[in-house]
Amino acid sequence: MSISEDRVSHLAHRIYDRLWKDDLVDFPDERRSLQCIKEAISSFFAVTGEVDAAVRKKLASYAQAKVPGSREYEVLYQKFYQEEMARRKW
């Protein structure tokens with residue numbers, strides 16, 4: 001999944017503001033903290049994109065093709081997605 005830099009920045013600021021507002025964290029350097037949050041968001045979406053591609057490839061390799069959108073496809077997709085995320089320790 002691809003996400004724009006503007007959206008990542010928006011999400012990072014929302015997370016930063018909520019953490020500060022709820023007094024969960026005291027950030028010594030706002031710029032550095034925002035950069036770390038942005039990197040975490042970007043890496044999460046990169047991993048989810050890789051996992052999605054791997055799961056779709058696995059489902060496409062079945063001898064009996066599963067129809068995207070069908071109940072069976074969705075159940076297998078969720079199962080394989082969770083397994084792949086666990087394998088990658090996410």
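The model is predicted, so local features require a pLDDT of at least 70 and side-chain atom pairs count only at pLDDT 80 or more, while totals for chains, interfaces and linings use all residues. Residues are numbered from 1 along each chain as its sequence is written, and side-chain values use heavy atoms, with hydrogens and water left out.

## Packing of α1 against α2

Helices are DSSP runs (H or I, at least four residues), numbered from the N terminus. Helix α1 covers residues 5-21 and helix α2 covers residues 30-60; the two pack at an angle of about 120°, and their axes lie 9 Å apart. That angle makes α1 oblique to α2. Here an axis is a line fitted to C-alpha atoms, for helices over the stretch in contact, and the angle between N-to-C directions runs from 0 to 180 degrees. Angles under 35 degrees count as roughly parallel, over 145 as roughly antiparallel, 65 to 115 as roughly perpendicular, and the rest as oblique.

The crossing of α1 past α2 is right-handed. A crossing is right-handed if the near helix is turned clockwise from the far one by less than a right angle, and left-handed if anticlockwise.

On the α1 side, the meeting residues are Glu5, Val8, Ser9, Leu11, Ala12, His13, Ile15 and Tyr16; on the α2 side they are Glu30, Ser33, Leu34, Ile37, Lys38, Ile41 and Ser42. Sorted by class, the residues of this contact are eight nonpolar, four polar and three charged. Ala, Val, Leu, Ile, Met, Phe, Trp, Tyr, Cys and Pro count as nonpolar, Asp, Glu, Lys and Arg as charged, and the others, Gly among them, as polar. Contact means heavy atoms within 4.5 Å.

Lysine 38, found in helix α2, belongs to this meeting of helices. Lysine 38 is buried, with a relative accessible area of 18%. Buried means under 20% relative accessible area, exposed means over 50%, and partly exposed lies in between (1.4 Å probe, protein chains only). When neighbours within four places in sequence are left aside, lysine 38 is in contact with Glu5, Val8, Ser9 and Ala12. The C-alpha atoms of lysine 38 and glutamate 5 are 8.9 Å apart, although 33 residues separate the two along the chain. Arginine 7 lies in helix α1 and counts as partly exposed at 42% relative accessibility; its C-alpha atom is separated by 9.9 Å from that of lysine 38.

## Packing of α2 against α3

The axes of α2 and α3 come within 9 Å and cross at roughly 130°, and the two helices are therefore oblique to each other. This crossing, too, is right-handed. From α2, the contact involves Phe44, Val47, Thr48, Val51, Asp52, Val55, Arg56, Lys58 and Leu59; from α3, it involves Tyr73, Leu76, Tyr77, Phe80, Tyr81, Glu83, Glu84 and Met85. The classes are eleven nonpolar, one polar and five charged residues.

## Salt bridges

Side chains of opposite charge can pair when their charged atoms come close. A salt bridge is a side-chain nitrogen of Lys or Arg within 4 Å of a carboxyl oxygen of Asp or Glu. The whole structure holds five salt bridges, among them the pairs in the table.

| Pair | N to O distance |
|---|---|
| Arginine 88 and glutamate 50 | 2.8 Å |
| Aspartate 52 and arginine 56 | 3.0 Å |
| Arginine 87 and glutamate 84 | 2.4 Å |

Arginine 88 is partly exposed at 28%, and glutamate 50 is partly exposed at 44%.

Aspartate 52 and arginine 56 are separated by about one helical turn, because they stand four residues apart in helix α2. Arginine 56 is partly exposed, with a relative accessible area of 42%.

Arginine 87 and glutamate 84 are three residues apart in helix α3, which also amounts to about one helical turn. Arginine 87 counts as exposed at 58% relative accessibility, whereas glutamate 84 is buried at 15%. A network of salt bridges links Glu50, Glu84, Arg87 and Arg88.
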